[in-house]
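Dear colleague,

Please find the structure below, together with a short account of what was found in it.

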Amino acid sequence: MHKLFTFSRFKSCRDLFRSATKFSLSAAHYADTEQSEAPSILVEKDANITLIGINREQQRNSINAATAAQLSEAIHQFEVDDTSPVGVLYGVGGSFSAGYDLKELEAEAQRGSLDFLLRHEGSVGPTRRHLRKPIICGISGFCVASGLELALLCDLRVMEDTAVLGFFNRRLGVPLSDGGSVRLAAAVGYSNAVDIIETGRRVYANEALRIGLVNRIVATGTALGQAVNLAFSIAKFPMASLQHDRNATLENANVYARPGFGAAINNEIMQVSASMVEDMQEGVKRFKTSETKGPKTNAWNIKEKSIPDWEKAEIEIEQRKGKA
């Protein structure tokens, strides 16, 4: 029987994700092995579960065009792998994803182009279609802007208690284009969706669980392990009937109905206009100015949850057991 992750063995988020770097045996498929740079997408299988990691820690796992293409390919390979019924998507290094890469965003804004939003699959991955298999999303740190749209692509979301969600792209004048306006409303209802979209505010774990934006809240540093455990709990079932019921839900659940979903996604994309380019240009300038002067708030800081002494003692006991 497969041995499940023991969460308490990891003292911090960084410890857990350092262990996650082992899940990279298949990453050579996506990067030249002679290059010194680490692959931006890590892929590995734990028994019959496929783990897909966004590996751009220094960029808060923001996604550029090359990473989006690699992520789409990784998910495609998972979908055609008959030996893997369930996948897990996560971010390496303490955050899930800060959305679209700011450098590429600035370059597109300077060119006066919104073409990057109109890619066939989506700007950050295969976000403009339904996935053919369940994927569980492990959310740590920041899951914002199109990173949140990517999380909404997944069937289920496991969120750490100190993680942060939100459409921060509101501040830059960048529109939603990866299914966010469609999937968010389907998940949390119209009123909650327009609140989150229009204000661009932070959404914390308790609210996210209450409104149905996420499915589980877990301790800081355990999102990956908990998501893997949840994936195993699903993969143990007979998959033919599970997939039948999943597909029936997609067919019948309001905007998730396939014809309605396609129309809604197309409407989201086609409403993107050239007039948004100026807003995007100004938004990037404002952001860069604030970064140069120093942020006025601790916008990107997350205070790690303090661990009581009794839990520290439990962790030490588990670590000693693990070394035995």
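**Sheet and helices**

Helix 8 (residues 223–235) lies across strand 1, strand 2 (49–54), strand 3 (86–91), strand 4, strand 6 and strand 8, and runs at about 170° to strand 3. Please note that the model is predicted.

The sheet itself is open and mixed in its pairing, with 6 strands in the order 1-2-3-4-6-8. Strand 1 (41–46) and strand 8 (216–218) stand at the edges; each has a single partner strand, so one side of each is left without a neighbour in the sheet. From one strand to the next, the twist averages 20°. Within the sheet, strand 4 (residues 135–139) pairs with strand 6 (residues 156–160) in the parallel sense, over 4 bridges. Gly138 has Val158, in strand 6, as its bridge partner.

Helix 4 (residues 146–153) packs against helix 5 (residues 180–188) at an angle of about 55°, and their axes are 9 Å apart. The two helices are therefore oblique to each other, and their crossing is left-handed. At this contact, Glu149, Leu152 and Leu153 of helix 4 meet Gly180, Arg183 and Leu184 of helix 5. The residues involved divide into 3 nonpolar, 1 polar and 2 charged.

Arg246 counts as buried because its relative accessibility is 11%, and the cut-off for buried is under 20%. Leaving aside neighbours within four places in sequence, Arg246 is in contact with Leu131, Arg132, Lys133, Pro134 and Asp155.

With kind regards

Technical notes:
Residues numbered from 1 in each chain as written. Predicted model: local features only at pLDDT ≥ 70, side-chain atom pairs only at ≥ 80, totals over all residues. Heavy atoms only, no water. Buried < 20%, exposed > 50% of the residue type's maximum accessible area, 1.4 Å probe, protein only. Contact = heavy atoms within 4.5 Å. Axes fitted to C-alpha atoms, helices over the stretch in contact; angles between N-to-C directions. Parallel < 35°, antiparallel > 145°, perpendicular 65-115°, else oblique. Left-handed = near helix turned anticlockwise from the far one by under 90°. Nonpolar A, V, L, I, M, F, W, Y, C, P; charged D, E, K, R; others polar. Pairing = 2+ DSSP bridges.
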